[in-house]
Amino acid sequence: MRAYLGWGEVRHTRLRPVRHGFVYPTWFLMLPMRELTAGQDMGVAVNRSAWVSFRDSDHGDGRGPERGGALSWALEILSEQGIDDAEGPIWLHCYPRVLGYAFKPVSFWYAHRRDGSLRAVLVEVNNTFGERHCYLLDQAKEGHESSARKVFHVSPFCEVHGEYKFRFLRTWETPEQPSRTVVRVDLHDEQGPLLQTSISGRLNPANPKEVRRALWRHPWLTLGVVIRIHWHALQLWRKRVRFIHKPTPPADFVTR
């Protein structure tokens, strides 16, 4: 097991009441969480200051490594939801902390069985109001669609209703091609498709050279995510898309 650094792009398209879309280059981490907690060197700084790093406290309930870290939190969530056969690899697809700043609009926890088959996906969502919510996709399968009812406020230009449709795909490295990952998340309401989003990329083994290259190309990665969120919110406001005030967060932290 080794950590990967993903090079790819984020796509987002709103279909109604006006069309609005964007495509941005991005990079991200794909981390084997059981090995990270074992203290192995994965080519990424873990729980220490660095230009690019991963910190357990940026996920879940914010617990640090002294309490088992983010992996301990994720395993507790799975156990509480009755998923007791995710005993294989746990991969986390997330943004890193860059230049000391972290904002992770969405992270994906892939929980596998001992035989390596995908058992469930925990989708960890953060909004710009400092709130966090998780969607648990039970019995998720690569290449197949999973769905969850939308209950968490993310954008002031989308009501909190409808259904998310998820699709995940990861191809493993071969002599002919590198590993790749694709995540697609679409939002549907009673009128049909409303939002179409995806994040995809080529996975290269994480090492100091790759990390330096990422930092050189996109030094303001995580801060740029926040700036772009507010920029596109301004564009939607100028297009007269209806503004929706933030509702009360859902009572349950996990939506199954």
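Reply: The sulfur of Cys-94 lies 13 Å from the closest cysteine sulfur, that of Cys-134, which is too far for a bond. This is a predicted model, in which local features need pLDDT of at least 70 and side-chain atom pairs count only at pLDDT 80 or more, while totals for chains, interfaces and linings use all residues. Residues are numbered from 1 along each chain as its sequence is written, and side-chain values use heavy atoms, with hydrogens and water left out.

Me: How many disulfides does the structure hold, then?

Reply: It holds zero disulfides, a disulfide being a pair of cysteine sulfur atoms within 2.5 Å.

Me: Is Cys-94 buried or exposed?

Reply: Cys-94 counts as buried because its relative accessibility is 1%. Buried means under 20% relative accessible area, exposed means over 50%, and partly exposed lies in between (1.4 Å probe, protein chains only).

Me: And what about Cys-134?

Reply: Cys-134 is buried, as its relative accessible area is 0%.

Me: Changing topic: which residues make the nonpolar surface patch?

Reply: Trp-51, Leu-99, Tyr-101, Trp-220, Leu-223 and Ile-227 make a nonpolar surface patch of about 660 Å². Patches are made of residues with over 30% relative accessible area and no salt bridge; like charges are joined within 9 Å, and nonpolar side chains (Val, Leu, Ile, Met, Phe, Trp, Tyr) within 5 Å. A salt bridge is a side-chain nitrogen of Lys or Arg within 4 Å of a carboxyl oxygen of Asp or Glu. Accessible areas come from the Shrake-Rupley method with a 1.4 Å probe, and for residues only the protein chains shown count as cover.

Me: Where does Leu-99 lie?

Reply: Leu-99 is in the loop between β6 (97-98) and β7 (106-112). Its relative accessibility is 32%, so Leu-99 counts as partly exposed. Strands (E, at least two residues) are DSSP runs, numbered from the N terminus.

Me: Which open sheet includes β6?

Reply: Three strands form an open sheet in the order β3-β4-β6, with mixed pairing. β3 (45-46) and β6 are the edge strands, each pairing on one side only. Two strands pair if DSSP finds at least two bridges between them. β3 runs parallel to β4 (residues 52-54), joined by two bridges, and Ala-45 has Ser-53 in β4 as its bridge partner.

Me: What does β11 pair with?

Reply: β11 pairs with β12 (residues 179-189) in the antiparallel sense over nine bridges; there, Lys-165 stands opposite Asp-186. β11 (residues 163-171) is also antiparallel to β10 (residues 145-149), through five bridges, and Ser-146 stands opposite Phe-166.

Notes. Helix = DSSP H or I, 4+ residues; strand = E, 2+ residues; numbered from the N terminus.
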